[in-house]
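Here's a quick briefing for anyone opening this model for the first time. Take a look at the sequence and the structure, then read on.

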Amino acid sequence: MTDAITQALAEVGPRLKRVRTQRRVTLADLSAATGISKSTLSRLESGQRKPSLELLLPIAQAHQVPLDELVGAPEVGDPRVRLTARRIPRHNGATMTVLPLTRQPGAPQAFKMVLEPETGEPDPQVHEGYEWLYVLSGRLRLVLADRDMTLGPGEAAEFDTRLPHWFGAVGGRPAEILSLFGKQGERLHLRAKSR
């Protein structure tokens with residue numbers, strides 16, 4: 001092994017710790033996000049365990065950073081951020097395109113979403129957390145417990161996701177929204193008008 005490779009491997013642990021602490025993520029949060037034990041993560045950060053792709057790939061995915069950033073690959077001079085959108089099937093065959101905008105596991109997560117119009121009745125769901133929605137374009141129907149409202153461009157809503165909720169595009173056109181989702185209790189204090 002060359003000196004350069006030995007040096008690069010020695011710097012991976014401190015770099016992993018720096019990335020995690022800059023994002024204010026605990027070892028427990030990272031362990032939950034990656035499925036890697038806290039002790040293994042701690043040993044990686046302290047240099048007591050050699051990094052491997054099996055360990056680095058889930059960590060890079062959890063932090064939503066390129067693997068190059070974790071291993072200290074040389075800069076290539078391209079400042080563009082390459083985000084990857086995912087298409088997710090929804091109710092009644094419609095899809096939702098989701099583009100993650102944040103990279104911190106355990107912290108509030110930001111997404112840009114494009115929702116295709118759906119047919120049929122809403123299917124409200126519940127889960128832990130708190131969500132804030134802002135409509136960029138189109139019209140968004142939000143069913144929240146016993147309330148049913150429509151939001152247009154520039155309108156926002158916030159809610160506890162432990163309440164039954166559903167949202168989707170209405171008016172025959174897609175709706176483009178920003179969504180912030182966080183742990184219970186993280187509120188942004190914006191409101192929408194009832195329909």
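## A first look around

In E6, Arg-147 is the bridge partner of Leu-144. That's a handy place to start, and keep in mind that what you're looking at is a predicted model.

- Leu-144 belongs to strand E5, which covers residues 139–144 and runs antiparallel to E6, with 5 bridges joining the two.

**Strand E4 and its partners**

- Strand E4 (residues 130–137) pairs with strand E7 (residues 156–160) in the antiparallel sense, over 5 bridges.

**Rings worth a look**

- How many aromatic pairs does the structure hold? There is 1 aromatic pair.
- Trp-132 and Tyr-134 form that pair, and it's stacked: the rings are 6.1 Å apart centre to centre, with 15 degrees between the planes.
- Is Trp-132 buried or exposed? Trp-132 counts as buried, because its relative accessibility is 12%, and the cut-off for buried is under 20%.
- Tyr-134 counts as partly exposed, because its relative accessibility is 27%.
- Elsewhere, a charge meets a ring: the charged end of Arg-90 sits over the ring of Phe-167, 5.7 Å from its centre.

**Helix H3 and its buried side**

- Helix H3 spans residues 38–46, and its buried residues are Thr-40, Leu-41, Leu-44 and Glu-45.
- Why do these residues lie on the same side of H3? They cover an arc of only 135 degrees around the axis, which puts them there.
- The general rule is that an α-helix has 3.6 residues a turn, so residues three or four places apart point the same way.
- What covers the buried residues of H3? The cover includes helix H1 (3–22), helix H2 (27–34) and helix H4 (53–63).
- After H3 comes Gly-47, with a positive phi near 85 degrees.

**Backbone angles to notice**

- Most residues other than glycine have a negative phi.
- Arg-24 is not a glycine, yet its phi is positive, at about 55 degrees.
- You'll find Arg-24 in the loop between H1 and H2, where Arg-24 is exposed, with a relative accessible area of 76%.
- Ala-145 also isn't a glycine, and its phi is positive too, near 55 degrees.
- Where is Ala-145? Its place is in the loop between E5 and E6.
- Ala-145 counts as partly exposed, at 41% relative accessibility.

Note on methods: Residues numbered from 1 in each chain as written. Predicted model: local features only at pLDDT ≥ 70, side-chain atom pairs only at ≥ 80, totals over all residues. Heavy atoms only, no water. Phe/Tyr/Trp six-rings, centres within 6.5 Å; stacked < 30°, edge-to-face > 60°. Buried < 20%, exposed > 50% of the residue type's maximum accessible area, 1.4 Å probe, protein only. Lys NZ or Arg CZ within 6 Å of the ring centre and 35° of its normal. Pairing = 2+ DSSP bridges. Helix = DSSP H or I, 4+ residues; strand = E, 2+ residues; numbered from the N terminus. Arc of directions from axis to C-beta. Contact = heavy atoms within 4.5 Å.
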